[in-house]
Amino acid sequence: MPRTVSLSILSGCALGVALFSLTVLAQQSQTVRQGVFTEAQAGRGQAIYKTQCSSCHGEMLEGRLGPPLAGDNFIADWDKQPLSELAGKIRNTMPQNNPGKLSGQQTADILAYILQVGKFPAGRAELAADEAALKQITWPAGNGAPPKPALNAAQALSFPPAGNLAQVMRGILFPSSNILFTVQSVDPGAPTTPVEGAVSPGGFNWVIWGGGIYKGWELVDYAAVALAESAPLMLTPGRRCENGKPVPINDPEWVKFTLELAEAGKAAYKAAQSRNQEAVSDITNQVADSCLNCHQVYRDRRGGVLNPSDPSNKAARCVKQ
Ligand code: HEC
Ligand code: HEC
């Protein structure tokens, strides 16, 4: 999917869900900001914490051998789930050197203390120990650290297209798929006789040429990988077709054909790993179909009529007909 589109669709949905669940929760349950424990309970929890937890998590919950139990990062670990999850984590796995010994009540008391240190307000009722009640308590939105930007270096940099779509097709997809199609008639595992130069009698031969450095099945592997990896290039923002029309990267059907290309490439790679000529020959149908299906819609039509051999249809390319 084109990144910009999928992001805006996703964030739109996430917002809808968040708003919806907030209204539902407002009717049914509490958040930790609404005074869900008492001062006295937090005091009991502090006493247990001192003897059982502080050696690893620090006197101030700041973390030592174990992680901090206060602060934005800690809350961000837990604020997407009801309080029962944090209670379960403590009761089932802590103290790490002697887990499973805390009662439900002790766990709730420690939790009260953790909330108090986290500056959540105390109230009039104690935090209940049973799971069903803790399940009803959630964290209000916006407690933890703001979500970290998930950009990696490649996303932060931008890679504007270096060429038009036809050039990508001719430069990457055409030679790679031809290597795969050659497997139908040439066994990559068969011993080869060294060829003088890189040109075979019938002209330039991809397999013979590459065979000088990477041999046999290896070449087939790389061709399959090249095809699979070429799929995202179909979706590079800003790329144009040879006729100047923008590549229709936001068109759902275009995206679907792109995914088919990626799948075909992966399937070809898997087949190549079997080192079985038959298996790769079979998979070339899937590869050919992935090219054909897209070409039928976006390349080889003119006025709605399919005609792959008519070069004058170039003006009509890259537009769904
Ligand atoms: C022997 C050291 C040790 C003791 C004692 C100990 N912990 Fe931990 N605790 C750890 C370590 C290490 C981790 C990180 C690994 C993990 O999550 O299981 C951890 C993780 C946690 C987490 C999850 C933190 C997060 O951000 O996900 C909580 C909550 C926790 N401990 C609470 C407690 C409580 C409450 C006690 C006392 C009852 C306690 N621990 C005692 C070592 C300890
Ligand atoms: C997502 C759609 C799509 C897929 C998948 C696709 N193509 Fe294309 N292909 C096009 C379009 C559109 C053009 C016309 C590009 C232009 O005019 O800039 C094209 C053009 C070409 C050309 C250039 C034709 C010429 O005019 O010289 C070749 C070669 C080619 N594709 C090979 C392949 C092969 C091989 C595959 C499969 C491995 C493939 N394509 C998969 C859409 C696709």
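A: **Around the two ligands**

Ligand 1 is surrounded by 19 residues, and the closest are Cys53, Cys56, His57, Lys89 and Met94. The model is a predicted one. His57 places a polar side-chain atom 2.7 Å from a nitrogen atom of ligand 1. The side chain of Lys89 has an N or O atom 2.7 Å from an oxygen atom of ligand 1. For Asp77, a side-chain N or O atom is 2.9 Å from an oxygen atom of ligand 1. Three helices each supply at least two residues of this shell: helix 3 (54-57), helix 4 (72-78) and helix 5 (83-93).

Ligand 2 has a shell of 23 residues, with Met169, Cys291, Cys294, His295 and Arg317 the closest. Helix 9, helix 12 and helix 13 each provide at least two residues of this shell. Helix 9 has the largest share, seven residues.

The iron atom of ligand 2 is coordinated by the SD atom of Met169 and the NE2 atom of His295, at 2.1 to 2.3 Å. The site of this iron atom is octahedral, with angles of 82 to 179° among its six donor atoms. Met169 belongs to helix 9 (residues 165-182) and His295 to helix 13 (residues 277-298), so the pair ties together parts that are 126 residues apart in sequence.

Are these two residues buried or exposed? Residues under 20% relative accessible area count as buried. His295 has a relative accessible area of 16%, so it is buried. Met169 has a value of 22% and is therefore partly exposed.

Other residues make polar contacts with ligand 2. A polar side-chain atom of Arg170 lies 2.9 Å from an oxygen atom of ligand 2. Ala166 and Glu242 take part through the backbone: an N or O atom of Ala166 is 3.1 Å from an oxygen atom of ligand 2, and an N or O atom of Glu242 is 2.7 Å from an oxygen atom of ligand 2.

In soluble globular proteins, nonpolar side chains tend to be buried together.

Leaving aside residues up to four places away in sequence, Leu165 touches Met234, Arg239, Arg240, Cys241, Val247, Trp254 and Cys318.

As for the protein as a whole, the secondary structure comes to 13 helices and six strands. Of the 321 residues, 35% are buried. Among contacts with a separation of 6 or more, 69% are between residues 24 or more positions apart.

Note on methods
Residues numbered from 1 in each chain as written. Chains lettered and ligands numbered in written order. Predicted model: local features only at pLDDT ≥ 70, side-chain atom pairs only at ≥ 80, totals over all residues. Heavy atoms only, no water. Donors = N, O, S within 2.8 Å, 3.2 Å for Na, K, Ca; no water. Tetrahedral: all angles 85-135°; square planar, octahedral: opposite > 155°, others 65-115°. Helix = DSSP H or I, 4+ residues; strand = E, 2+ residues; numbered from the N terminus. Buried < 20%, exposed > 50% of the residue type's maximum accessible area, 1.4 Å probe, protein only. Contact = heavy atoms within 4.5 Å. Near = heavy atom within 4 Å. Polar contact = N/O pair within 3.5 Å; in protein donor to acceptor, adjacent residues only side chain to side chain.
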